[in-house]
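This report goes through one protein model, from its inner spaces to its charged and aromatic pairs. Please keep the sequence and the structure in view while reading.

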Amino acid sequence: ARYGLAQFYLGAPGIAGGSEKKAKEDAEALLAIDGGAYYGHMLLAQIAASEKKWDVMASKYAAAENAATKDSDRAAALRSWSWTLIDKKSDPQAALPLIERWQTLAESDDPTPPFVLGRALLDLGKPAEAAEEYRKVLAIRPDSANAGYALADCLEQAGQQEDALAQYESFVAKH
């Protein structure tokens, strides 16, 4: 309940009750609850990322990963940490070793690790390598709109115009 409430505080505007201070209070309270460390550290990492306190963010995500008692929670910490590095900090290179660890924990039918790796590789200027990751996503989830479009974009950036056109046409036909 505290984790959900803190997520609300982080996402809601102040006029609707949103408050980073309240979210931090709930995160700290979670740290004091038996079994709450994982969730408390996850929240503190999200708050640090919103404040662009990257070192604090990294230490809190690492603490969440270490506090996790299930592989699925460790994977979730690595997923959130990786995506934050790519999407908010614009540091896809730093995300690569985290994605590698995450892939060892993820289920084989989880399309999210190759999708995030594709995004990191594309941001690093490696569209051909990114395309291979998006193909993995589509092998798992053939109707993934995001991966279908991203694959077409990667092929175009890699100079594979005919393949890109075919993928764009496939994307339009499906979506």
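Which residues line the largest cavity? They are L138, P142, S144, G148, Q167, S170, F171, K174 and H175. The structure is a predicted model, and every value below is computed from it.

**Cavity and pocket**

A search of the whole structure finds one cavity of 30 Å³ or more. The volume of the largest cavity is about 40 Å³. Helix α10, residues 161–174, contributes the most to its lining, with four residues. Sorted by class, the lining of the largest cavity holds three nonpolar, five polar and one charged residue.

The largest pocket contains about 170 Å³ of space. Its lining is made up of L10, Q46, I47, A49, S50, Y61, S80, W83, T84, D87 and K88. Two helices, α3 (37–50) and α5, each supply at least two residues of this lining. In the lining of the largest pocket, five residues are nonpolar, four are polar and two are charged.

One of the pocket-lining residues is A49, which lies in helix α3. Is A49 buried or exposed? A49 has a relative accessible area of 4%, and because buried means under 20%, it counts as buried. A49 and E100 are 51 residues apart in sequence, and their C-alpha atoms are 21 Å apart in space.

Helix α5 also holds S82. The relative accessible area of S82 is 0%, so this residue is buried. A polar atom of the S82 side chain lies 2.7 Å from the backbone oxygen of L78.

**Salt bridges**

Side chains of opposite charge can pair when their charged atoms come close. How many salt bridges are there in this model? The count comes to 11 salt bridges.

| Salt bridge | N to O distance |
|---|---|
| K53 and E51 | 3.4 Å |
| R101 and E65 | 2.6 Å |
| R119 and D87 | 3.5 Å |

In the bridge between R101 and E65, the closest N and O atoms are 2.6 Å apart. R101 belongs to helix α6 (residues 92–105) and E65 to helix α4 (residues 54–67), so this pair ties together parts that are 36 residues apart in sequence. R101 is partly exposed, with a relative accessible area of 35%. E65 has 13% relative accessibility and therefore counts as buried.

The side chains of R119 and D87 meet in another of the salt bridges, at 3.5 Å from N to O. This pair links distant parts of the chain, since R119 is in helix α7 (residues 112–123) and D87 is in helix α5 (residues 71–87), 32 residues apart. R119 has a relative accessible area of 23%, so it is partly exposed. D87 counts as partly exposed as well, at 39% relative accessibility.

Which residues do salt bridges with shared partners join into one network? K24, E51 and K53 are joined in this way. K53 has 43% relative accessibility, so it counts as partly exposed. E51 counts as partly exposed too, at 27% relative accessibility.

**Aromatic pairs**

A pair of aromatic rings is described by the distance of the centres and the angle of the planes. A search of the whole structure finds seven aromatic pairs. One of them is formed by Y38 and Y39, whose ring centres are 4.9 Å apart with 80° between the planes. Planes over 60 degrees apart count as edge-to-face, so the pair of Y38 and Y39 falls in that class.

Are the two residues of this pair buried or partly exposed? Y38 is buried, with a relative accessible area of 7%, whereas Y39 counts as partly exposed at 33% relative accessibility. Which residues form one aromatic cluster? Y3, Y38 and Y39 do.

Note on methods: Residues are numbered from 1 along each chain as its sequence is written. This is a predicted model: local features need pLDDT of at least 70, side-chain atom pairs count only at pLDDT 80 or more; totals for chains, interfaces and linings use all residues. Side-chain values use heavy atoms; hydrogens and water are left out. A salt bridge is a side-chain nitrogen of Lys or Arg within 4 Å of a carboxyl oxygen of Asp or Glu. Buried means under 20% relative accessible area, exposed over 50%, partly exposed in between (1.4 Å probe, protein chains only). On a 1 Å grid over the protein atoms alone, a cavity is a set of points where a 1.4 Å probe fits but cannot get out, and a pocket is an open set with protein on both sides within 12 Å along at least five of seven lines; lining residues have an atom within 4 Å of a point. Grid points are joined across faces, edges and corners, and a volume is the space filled by probe spheres set on the points. Ala, Val, Leu, Ile, Met, Phe, Trp, Tyr, Cys and Pro count as nonpolar, Asp, Glu, Lys and Arg as charged, and the others, Gly among them, as polar. Rings of Phe, Tyr and Trp (its six-membered ring) pair if their centres lie within 6.5 Å; planes under 30 degrees apart count as stacked, over 60 as edge-to-face and the rest as tilted. A polar contact is a pair of N or O atoms within 3.5 Å; within protein, one must be able to donate a hydrogen and the other to accept it, and residues adjacent in sequence count only if both atoms are side-chain atoms.
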